[in-house]
Amino acid sequence: MKKTTDFSILSLATLTFLLAQGLPELALAESTALSADTNRELAQVKRATAKYHNIDSAYADGYIDANFYLAGVGCHLINPGYLDGSFELTKPELLIYKDCTPGQGGKAEFRAIEYATFCGGPPTCTLPVPEGLSGDADIWTPGPNSALWTLHVWTWRHNPDGIFVKVNPRITD
């Protein structure tokens with residue numbers, strides 16, 4: 001699929017954040033590498049998940065600690081009510097933080113979201129990869145034990161390898 005560029009749809013919040021961080025090249029790169037439809041969808045995702053910068057809001061909305069920390073990613077909160085086998089753009093099954101301890105309020109470092117849908121496994125995924133976001137830029141991978149398809153989306157922490165790449169080389173904790 002041919003990638004298109006439409007700067008009018010770039011999330012103003014994303015652009016403002018990247019520019020405030022002194023990273024204008026990232027603002028340009030992130031907007032030009034994805035289709036206009038994908039950028040629109042990512043803006044919707046950011047609007048829907050912005051409240052989770054306060055980790056206590058995530059817990060109040062039914063997310064629980066998955067007791068899973070992945071190096072180069074972070075700790076995961078999962079909403080069991082969203083793990084129903086369907087992809088819903090504004091209802092990610094997992095939220096990723098530096099530290100999942102409740103009671104941090106807005107001080108928790110919210111890094112990314114993760115979608116998860118059943119894949120027909122284990123031991124291997126037998127169901128097709130979910131459609132996910134518009135275009136073909138998203139990267140679905142088999143999750144732990146190959147029971148789920150997972151898609152990481154680095155909505156709140158830039159990943160220089162790409163917004164949909166599972167591991168972020170900038171995460172060193």
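This report describes the confidence, the strand pairing and the nonpolar core of a predicted model.

## Confidence of the model

The chain has an average pLDDT of 84, and 82% of its residues score at least 70. Over residues 1-16, however, the pLDDT is below 50, although this stretch has 25 contacts in the model beyond near neighbours in sequence. The pLDDT also stays under 50 over residues 22-29, where the model has ten contacts beyond four places in sequence.

## Strand S2 and its partners

Strand S2 (74-78) pairs in the antiparallel sense with strand S1 (residues 64-70), over four bridges, and Cys75 in S2 stands opposite Tyr69. Three residues lie between S1 and S2 in the hairpin that they form, and Gly72 in the turn has a positive phi of about 80°.

S2 also pairs with S3, again in the antiparallel sense and over four bridges, with Leu94 in S3 as the bridge partner of Ile78. Five of the five residues of S2 are buried, so this strand is largely enclosed by the rest of the structure.

## The largest nonpolar core

The largest nonpolar core holds 31 residues, of which Leu77, Leu95, Tyr97, Tyr115, Val153 and Phe164 touch the most other members. Two or more residues come from each of helix H3 (36-49), helix H4 (55-60), strand S2 (74-78), strand S3 (94-97), strand S4 (110-118) and strand S6 (148-153), and S4 gives the most, with four residues.

Once neighbours within four places in sequence are left aside, Val153 is in contact with Leu42, Ala112, Ile113, Tyr115, Ile163 and Phe164. In soluble globular proteins, nonpolar side chains tend to be buried together.

Definitions and conventions: Residues are numbered from 1 along each chain as its sequence is written. Side-chain values use heavy atoms; hydrogens and water are left out. A nonpolar core is a set of buried Ala, Val, Leu, Ile, Met, Phe, Trp, Tyr and Cys residues joined through side-chain atoms within 4.5 Å. Buried means under 20% relative accessible area, exposed over 50%, partly exposed in between (1.4 Å probe, protein chains only). Contact means heavy atoms within 4.5 Å. pLDDT is the predictor's confidence in each residue, from 0 to 100. Two strands pair if DSSP finds at least two bridges between them.
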